Amino acid sequence: SLAFGYTFAAFGAVLSPAPAAAQSSGFYIAELIQPTEETRAIASGVAWRCEGSTCAAPKAASRPLRVCRELQRKVGPVASFTANGETLDAEDLARCNG
């Protein structure tokens, strides 16, 4: 019984707000302020897959700020944006949403 509880707790700890498929397949990961109805979007020449408030895409040729801005125009304000593990700072995030 104790082992089962531990296993369940450990499994729960692995879960995150972003869908696992999005996290593992995305060079870019965007957390949106509001969930989007869109499940797919094309921004900066790449195909984005969105689920709830998380969107992910493979690498594009553009700079991360530009990619963020293009996505924001399609799906709405972005709460955080990560490119290859590097998160946009507050200033660039404000530009993205501006």
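Since the model is predicted, local features need pLDDT of at least 70 and side-chain atom pairs count only at pLDDT 80 or more, while totals for chains, interfaces and linings use all residues. Residues are numbered from 1 along each chain as its sequence is written, and side-chain values use heavy atoms, with hydrogens and water left out.

Let's start with the sheet. Two strands count as paired if DSSP finds at least two bridges between them. On that basis we get an open sheet of six strands, antiparallel in its pairing, in the order 2-3-4-1-5-6. So which strands stand at the edges? Those are strand 2 (40-43) and strand 6 (86-87); each has a single partner strand, so one side of each is left without a neighbour in the sheet.

Now look at strand 1, residues 28-32. Strand 1 runs antiparallel to strand 4, residues 54-57, and four bridges join the two.

On to the charged side chains. Side chains of opposite charge can pair when their charged atoms come close. My cut-off for a salt bridge is a side-chain nitrogen of Lys or Arg within 4 Å of a carboxyl oxygen of Asp or Glu, and that rule gives three of them.

One sits in helix 3, residues 64-75, where arginine 73 and glutamate 70 are three residues apart, about one turn of the helix. Their side chains meet at 2.9 Å, N to O. For accessibility, buried is under 20% relative accessible area, exposed is over 50%, and partly exposed is in between, with a 1.4 Å probe and protein chains only. Arginine 73 is exposed at 57%, whereas glutamate 70 is partly exposed at 24%.

Then there's helix 4, residues 90-97. Glutamate 91 and arginine 95 are four residues apart there, about one helical turn, and their closest N and O atoms are 2.8 Å apart. Glutamate 91 is exposed at 53%; arginine 95 is partly exposed at 40%. Aspartate 92 also meets arginine 95 in a salt bridge, at 2.6 Å, N to O, and those two are three residues apart in helix 4.
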